[in-house]
Amino acid sequence: MILSEGLETIGTYAFEYTPLKSLVIPANVTSIGGGAFKECTNLKYVTCKSTTPPALTIGESLTSFKVFVPAETVDDYRVADGWGQ
């Protein structure tokens, strides 16, 4: 699934229990709500186009699937809360 380029926020529980397999988050997204990917057990890949890691609500973690980010921002994502390794 590719989200709209105009999107700025992914809401709380936005994709909870959905059968997503992959997701492209546009560069404009600045925050991701808690539980946005709760129980998305089929989700394997997320591509985040933002050069600044979007803020994650406490408790959200994006470590249960592979995340692709712009090459020049890898270190920023590694140290951002919830973005993992």
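Predicted model: local features only at pLDDT ≥ 70, side-chain atom pairs only at ≥ 80, totals over all residues.
Arg-78 is partly exposed, with a relative accessible area of 46%. Their side chains form a salt bridge with an N to O distance of 3.7 Å. Both residues belong to helix H1 (residues 74–79) and sit three residues apart, about one turn of the helix.

## Salt bridges between separate parts

The salt bridge count is three. Another of these pairs Lys-49 with Glu-5, whose closest N and O atoms are 3.9 Å apart. Lys-49 is in the loop between S4 and S5 and Glu-5 in the segment before S1, so this pair ties together parts 44 residues apart in sequence. Lys-49 is partly exposed at 41% relative accessibility, and Glu-5 is partly exposed at 44%.

Lys-38 and Glu-16 also form a salt bridge, with 3.9 Å between the closest N and O atoms. Lys-38 lies in the loop between strand S3 (31–32) and S4, and Glu-16 in the loop between S1 and S2, so the pair links parts 22 residues apart in sequence.

## Buried loop residue Phe-15

Phe-15 is in the loop between strand S1 (9–10) and strand S2 (22–25). At 11% relative accessibility, Phe-15 is buried. Beyond its neighbours within four places in sequence, Phe-15 has contacts including Met-1, Leu-3, Ile-10, Phe-37 and Lys-38.

## Buried loop residue Ser-50

Ser-50 lies in the loop between strand S4 (45–48) and strand S5 (55–56), and is buried at 5% relative accessibility. A polar atom of the Ser-50 side chain is 2.5 Å from the backbone oxygen of Thr-52. Leaving aside neighbours within four places in sequence, Ser-50 contacts residues including Pro-26, Val-29, Pro-70 and Tyr-77.

How values were computed:
Residues numbered from 1 in each chain as written. Heavy atoms only, no water. Helix = DSSP H or I, 4+ residues; strand = E, 2+ residues; numbered from the N terminus. Buried < 20%, exposed > 50% of the residue type's maximum accessible area, 1.4 Å probe, protein only. Contact = heavy atoms within 4.5 Å. Polar contact = N/O pair within 3.5 Å; in protein donor to acceptor, adjacent residues only side chain to side chain. Salt bridge = Lys/Arg side-chain N within 4 Å of Asp/Glu carboxyl O.
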